[in-house]
Amino acid sequence: MKLYLRADCPYCNKVLNAVEKMGLKEKEDYIIINAQAGTPGRDMVLKTGGKAMVPFLIDGDHSMYESDDIIAWIGKKYAK
Ligand SMILES: N[C@@H](CCC(=O)N[C@@H](CS)C(=O)NCC(=O)O)C(=O)O
């Protein structure tokens, strides 16, 4: 599971906090990819989802925007 985030994005921090509370560990359960403007991560978000917006989740064939939807997806599928 790949989380595309930007350091100064409150919605990204919301997702990260939720994921940590669920007991998931970075590098074991998910990886964070920098999606700051001008990065390959940003290009991937745009290419995959069609919008330059973060947070963005890619989980296998599945991808989504919207922090609440991402938190709900991860909670349902992976929460420990
Ligand atoms: N409703 C969205 C809002 C996400 C949002 O507004 N993200 C901002 C950054 S905090 C964004 O991607 N802005 C466009 C940009 O960075 O180019 C959510 O909850 O995830």
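Helices (H or I, at least four residues) and strands (E, at least two) are DSSP runs, numbered from the N terminus. The model is predicted: local features need pLDDT of at least 70, side-chain atom pairs count only at pLDDT 80 or more, and totals for chains, interfaces and linings use all residues. Residues are numbered from 1 along each chain as its sequence is written.

**Exercise 1.** State which pattern the chain follows along the sequence.

*Solution.* Take the elements: three helices and four strands. Read them along the sequence: β-α-β-α-β-β-α.

**Exercise 2.** Find the largest nonpolar core and the elements behind it.

*Solution.* A residue is buried if 20 or more other C-beta atoms, placed from the backbone, lie within 10 Å of its own. A nonpolar core joins buried Ala, Val, Leu, Ile, Met, Phe, Trp, Tyr and Cys residues through C-beta atoms within 7 Å. The largest such core has 14 residues. Tyr4, Leu5, Val15, Ala35, Val54 and Phe56 have the most contacts inside it. Two or more residues come from each of β1 (2-5), α1 (10-21), β3 (56-59) and α3 (67-78).

**Exercise 3.** List the contacts of Phe56, leaving aside neighbours within four places in sequence.

*Solution.* Contact requires C-beta atoms, placed from the backbone, within 7 Å. Phe56 then touches Tyr4, Ala35, Val45, Gly49, Ser63 and Tyr65.

**Exercise 4.** Judge the chain against a compact globule.

*Solution.* The radius of gyration is taken over C-alpha atoms; the globule rule is 2.2 Å times the number of residues to the power 0.38. For 80 residues that rule gives a value near 12 Å. The chain has 11 Å, which agrees. Its C-alpha trace spans about 35 × 25 × 20 Å along the principal axes.

How values were computed. A residue is buried if 20 or more other C-beta atoms lie within 10 Å of its own, exposed if 12 or fewer, and partly exposed in between; C-beta atoms are placed from the backbone. Two residues are in contact if their C-beta atoms, placed from the backbone, lie within 7 Å.
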